[in-house]
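My notes follow in the order in which I looked things up.

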Amino acid sequence: MAEMNKDSVAEILTQIATMLELKGENVFKIRAYQNAARAMETFSGNLAQVVGEGKLAEVPGIGKAIAEKVTELVVTGNLSYYNILKAEFPPGIFDMFGVMGMGPKKIAAVWEKLDITSVAELEAGCKDGRVAGLRGFGEKTATNILKAIEDRKKHAGRFRMGEIAGDAEQMLDDLRSLPDVTRVAACGSYRRCRETCGDLDFLVSTNSPESVSEFFVKHEMVESVIAHGATKSSVRWKSGIQADMRVVKDTEFAFALNYFTGSKEHNIVMRQRALARGWTLNEYRLGAADGGNAEIPTIREEADLYRALGLDFIEPELREDRGEFIAAEKHTLPRLVEVSNLRGTFHNHTTASDGRNTLREMADAAEELGLQYLGIADHSKSSVQAHGLDEARLLAQVAEIRAMNKQSSFRLFAGSEVDVLKDGSLDFSDEILAQLDYVVVSVHNAFSMSEAEMTKRIIRAMENKYVTMLGHLTGRLLLQRDAYAVDIPAVIEAAAATGTIIELNANPRRLDMDWRWWPLAKEKGVKCAINPDAHHTSQLQFLRFGVGTARKGWLERGDVVNCLPLGEIATVLTAKRG
Ligand code: DGT
Ligand code: CA
Ligand code: CA
Ligand code: ZN
């Protein structure tokens, strides 16, 4: 239980209150803990200092008995009363609080009368009628509980970036438009551009916290309110994701922004660097460490904080404690690629295979986005379920593309997403491939072969001189299907040796190759192509998720081939042909 801040103390006091409720203890005792928890949340002083001076019981809302317990907690990082109390309960029982409608009274009842101690047992009890038979429950309550358990399953776990970004940006816009709001940000894994998010973390600075919190919990996206306070609110959106909002004073904004952006691992190093300079760093401020008399710099922006800690500004995407501190110290951080650097993109589908829009519509949409060129790569004949093109249809499409290019300055590149067959050979002969502007190769079947076989299969495909790039390297579908077994470092090595580009598939269900591997690819000199794998004009927008992932992978403009202007890209696509 290391590292006791006000919030973690409040959390433990709340848990104690809950456990006392489960035990049916007297209401005054329960309320004392609830009040103390609220007092902790809103307490604005320095907790460690107040504890050290023995003045905790003077804080409104905290009585003598609880002050002693909080002191033990802050000083030792542990509380024996809490540990003993907690041991009285079967561990699964607390999970039942996550089922909407299950409060302490109901949980105590099913536990005592039916010996139900977990959500799974509760579900069984609702299905076999035991819960309905309990006094004070009935059919309707049992049905509601079952529905709540189903909802909880739907809500459990994480959300793909692409599923939540629209709502998150909408909320940011709406918060920004409030008259009383000074600064607004989305923090957490969302700001760091992780491929999935557990929840969303909004931060607002304002002088009227109540009205902003009110707005947040009453927003039309909200399905239910989990907590509603002046400085901290949590809601469940209709999409299923939880959204938290913190409200701070504008002087605290840079600190809160930094803290709630994380990652936890990054924060730990930040705090250590502050301590090394005689400061304490938390989500609200930079303060003087014990006995320290170091002068405290003025911090308005995050960049001020990084500078104070001897660092160049670290972009949020890099804040994973994966080498960013050393680079920031040595002034060698990358200048990360941006969406506006993109000039075109490859790997897009049309109605010729399983896309929803025609060649013309795709071209127009790409031009509208400000791109100079668009690569078309419909499926090849082995992908029967996706209406893959055979040789004749492919060559007809090539002719159509050439004709369109004659009529417009916007450039279409004729390619194909060619299936890699089980033995690593390709779905089209070299003679056909030679007539294309570029070639993407992808694995679409036989996912269960061994890692050695799969690696050999992919590397053999890359050895073909007509193969420009490797599509969605691992075949993963986020939160849905794991990557097939493949030796990624070996594939990267082969890409370097053969001059094959690796795709960063920007479809938010894929984001493949994963950001964690790009620094290695870059080190080996392998180039990246950020491709939306669009099956619809609207999916060209996926590019932004690809760019976010590329940034997480430390990539710069020069690492991404589709940042090249039209005049330079064509030769890169066929460079392997010699
Ligand atoms: P998520 O929500 O699981 O996708 O990941 P995050 O990174 O958004 O995590 P979340 O929402 O639990 O917390 C937001 C940020 O707050 C996190 O990135 C860092 C900071 N934070 C939260 N809890 C702790 C903690 O116990 N220690 C430290 N150092 N930072 C924390
Ligand atoms: Ca989060
Ligand atoms: Ca959170
Ligand atoms: Zn594919």
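**Helix H1 and its neighbours**

I began with H1 and helix H4 (residues 64-76), which pack at an angle of about 130° with their axes 11 Å apart. The model I am reading is a predicted one. H1 passes H4 in a right-handed crossing.

Next I listed the residues of this contact. H1 supplies Val-9, Ile-12 and Leu-13, and H4 supplies Ile-66, Val-70, Leu-73 and Val-74. Sorted by class, the contact of H1 with H4 has seven nonpolar residues, no polar ones and no charged ones.

I then turned to H1 (residues 6-22) and helix H5 (residues 80-87). I found an angle of about 40° between them, and their axes are 10 Å apart. That makes H1 oblique to H5. The crossing of H1 and H5 is left-handed.

Which residues of H1 meet H5? I wrote down Ile-12, Gln-15, Ile-16, Met-19 and Leu-20 in H1, which meet Tyr-81, Tyr-82, Leu-85 and Lys-86 in H5. The residues of the contact of H1 with H5 divide into seven nonpolar, one polar and one charged. I checked Ile-12 in both lists: this residue takes part in the contact with H4 and also in the contact with H5.

An α-helix has 3.6 residues a turn, so residues three or four places apart point the same way.

**Helix H6**

I looked up which residues of helix H6 (residues 104-114) are buried, and found Pro-104, Ile-107, Ala-108, Ala-109, Val-110 and Leu-114. The buried residues of H6 pack against H1, helix H7 (119-127) and helix H8 (130-133). Just after H6, Asp-115 takes a positive phi of about 60°.

**The zinc ion**

I moved on to the zinc ion (ligand 4). Its protein donors are Glu-417 (OE), His-444 (NE2) and His-472 (NE2), at 2.1 to 2.3 Å from the ion. Along the sequence the donor residues are spaced E-x26-H-x27-H. I placed Glu-417 in strand S13 (residues 417-419) and His-444 in the loop between strand S14 (440-442) and helix H20 (451-462); the pair is 27 residues apart and links distant parts of the chain.

Is Glu-417 buried or exposed? Glu-417 counts as buried, because its relative accessibility is 0%. His-444 is partly exposed, with a relative accessible area of 23%.

**The calcium ions**

I marked Asp-201 and Asp-244 as buried.

The calcium ion (ligand 2) is 3.8 Å from the calcium ion (ligand 3), and Asp-199 coordinates both.

**The chain as a whole**

I noted 24 helices and 17 strands. The C-alpha trace spans about 85 × 65 × 50 Å along its principal axes. Of the 578 residues, 52% are buried. Among contacts with a separation of 6 or more, 67% join residues 24 or more positions apart.

How values were computed: Residues are numbered from 1 along each chain as its sequence is written. Chains are lettered from A and ligands numbered from 1 in the order in which they are written. This is a predicted model: local features need pLDDT of at least 70, side-chain atom pairs count only at pLDDT 80 or more; totals for chains, interfaces and linings use all residues. Side-chain values use heavy atoms; hydrogens and water are left out. Axes are lines fitted to C-alpha atoms, for helices over the stretch in contact, and angles run from 0 to 180 degrees between N-to-C directions. Helices (H or I, at least four residues) and strands (E, at least two) are DSSP runs, numbered from the N terminus. Angles under 35 degrees count as roughly parallel, over 145 as roughly antiparallel, 65 to 115 as roughly perpendicular and the rest as oblique. A crossing is left-handed if the near helix is turned anticlockwise from the far one by less than a right angle, and right-handed if clockwise. Contact means heavy atoms within 4.5 Å. Ala, Val, Leu, Ile, Met, Phe, Trp, Tyr, Cys and Pro count as nonpolar, Asp, Glu, Lys and Arg as charged, and the others, Gly among them, as polar. Donors are N, O and S atoms within 2.8 Å of the metal (3.2 Å for Na, K and Ca); water is not among the atoms, so sites may look incomplete. Buried means under 20% relative accessible area, exposed over 50%, partly exposed in between (1.4 Å probe, protein chains only).
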